[in-house]
Amino acid sequence: MPAARYPAERPAGLLVLALAACNVSDPVGTDGDSVPAQVPTWYQDVRPIFAEKCTGCHQQGYNPIVLADYAQVVAFAEAALGKMQGSDHAPYVMPPWPIPDSETCTPPAPWADDPRITDDELATMRAWVKGGTPEGDEASATPVEPPGVPLLTGDNVEYLPGSDATIPADPDSLDYNLCFSFPLGKGEEGWIDALQIIPDPGNMIHHIIVASDPTGVTAPADGSNGVNNCPTQEIPETKLLFTWITNTGPFYYPPNSGMTVEPGARILLTFHYHQKDEEQYDNTGIAVRWLDEKPRYYAWMDRFGGAHATEVNWAPVAYRGGWEDSHFGIPKNSANHEEIWYETWGQQDRDDGFSENEYPIWGVFPHMHYAGLDIRMDLEHDDGSRECLSHIERFDSSWQQTYLYDVPVDKMPTIRPEDRMRITCHYDNTLGNDRLREALVADDFTEPFDVTVGDTAFDEMCVMHFGMLVENEFSDQ
């Protein structure tokens, strides 16, 4: 995925294409699309598409399938086209972008940084494959940018220490998690308007969840920067900041907004690695950009939905969330199990300082685990109307991210205290679910089992984080 950003700030960057399972049907059919008058060639027509949409992820050190030159791409040409067109097997479409408009949900605003292949690009790719994948003339090749991501810029960018981690060898493992806690702050209150992960090339990092630790409880007892095990204690007032996936550039909060950093605060990074046959060393770091003064808006993130074992049996009572049928449970071998979470954001029992106003929503982060199939977020208003904020019809646990609305603040959807959030989650707890089957096999399971809500990989969640803006009453703007 590219840098998460808004209209006010759009640095150039590469987009992500990750190619995995290659189940291709009719890889060279046109499906009614227009076909270029002449057969496209690699150097003139196809290489620019791969440079922008594919090579940023499919390069040496980041991905076992390297798609950087003609010979490498020709070997995977039909498989790549199949994934660009979409398939019935995970990953369903490449580049990974599982949140397009569905037939039943039109979000209230367009999404920022949609990396999907355009119709013209897809027609070019089809014609190239159908025409025999000609190489063309390297001497007159269309210029392309080298693979990479834009770096966070500005006078107030601070680079925090690297992770300095050793990941043990295990070729059969899908998941290896490490957490690191870095000091964040300058001894006084401050504000951050952008963050960026600086990856150490060559390591199989699947994603990194970035969260705040306002009170500093995750600080290691030995005084070091990092911890090699994820904290088990409750982190007071923690907030999800963003989720990083391979080749993601800077993450920008909306214009005139930022995250408040308390004195003594830390930042917590949860790394999800895919292990290799050999031991890995990783020194991934993070950069933050400080604002000179308090912004007009505070960028806040909140959670709706059930995520923890304590929330298995919750009924939807006033001003608190709960399951429609008061219980969460997914029977083994159920192919389309539904769970619905309701929650009123109501301010009556809140102590976080919010008033009875409406607040702009700048983005959403849908989250489930391996059994996840479909997730939808609806905002239900007092007058009975319902607004669909997002809907992923083909959920893929390997490609989760924060999705941002690409509109100015005054055009963003809003939430009021009396609004009720409805999260509808469907699960496929069968061996027909590619992601679940892969995870079960990797952990030596031969069949699914009954699933409840909880934190482990084989538990499930039905969660929507959402980002909103709160106007700072005493800001300098």
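## A charged patch on the surface

A surface patch is built from residues that have over 30% relative accessible area and no salt bridge, with like charges joined within 9 Å and nonpolar side chains (Val, Leu, Ile, Met, Phe, Trp, Tyr) within 5 Å. Accessible areas come from the Shrake-Rupley method with a 1.4 Å probe, and for residues only the protein chains shown count as cover. A salt bridge is a side-chain nitrogen of Lys or Arg within 4 Å of a carboxyl oxygen of Asp or Glu. Lys and Arg count as positive, Asp and Glu as negative, while His and the chain ends are not counted. The place of a charge is NZ of Lys, CZ of Arg, CG of Asp or CD of Glu.

This is a predicted model, in which local features need pLDDT of at least 70 and side-chain atom pairs count only at pLDDT 80 or more, while totals for chains, interfaces and linings use all residues. Residues are numbered from 1 along each chain as its sequence is written, and side-chain values use heavy atoms, leaving out hydrogens and water.

Now look for Asp 172, Asp 277, Glu 278, Asp 443 and Asp 444: together they form a negative surface patch. Asp 444 sits in the loop between helix 5 (434–442) and strand 21 (462–471). Helices (H or I, at least four residues) and strands (E, at least two) are DSSP runs, numbered from the N terminus. Asp 444 counts as exposed because its relative accessibility is 71%; exposed means over 50%, buried under 20%, and partly exposed in between.

## A buried charge

Next, visit Glu 339 in strand 14 (residues 337–344). Glu 339 is buried yet has no salt bridge, and the nearest side chain of opposite charge, Arg 422, is 11 Å away.

What does the side chain of Glu 339 make a polar contact with? Its partner is the side chain of His 337, at 2.8 Å. A polar contact is a pair of N or O atoms within 3.5 Å; within protein, one must be able to donate a hydrogen and the other to accept it, and residues adjacent in sequence count only if both atoms are side-chain atoms. A polar atom of the Glu 339 side chain also lies 3.0 Å from the backbone nitrogen of Gly 329.

Most residues other than glycine have a negative phi, and most peptide bonds are trans. The bond from Ala 90 to Pro 91 is cis, with omega near -10°, and Pro 91 is in the loop between helix 3 (77–85) and helix 4 (119–130). Another cis bond joins Met 94 and Pro 95, with omega about -5°.

Thr 133 has a positive phi, near 50°, and is buried, with a relative accessible area of 13%.

Definitions and conventions
Buried means under 20% relative accessible area, exposed over 50%, partly exposed in between (1.4 Å probe, protein chains only).
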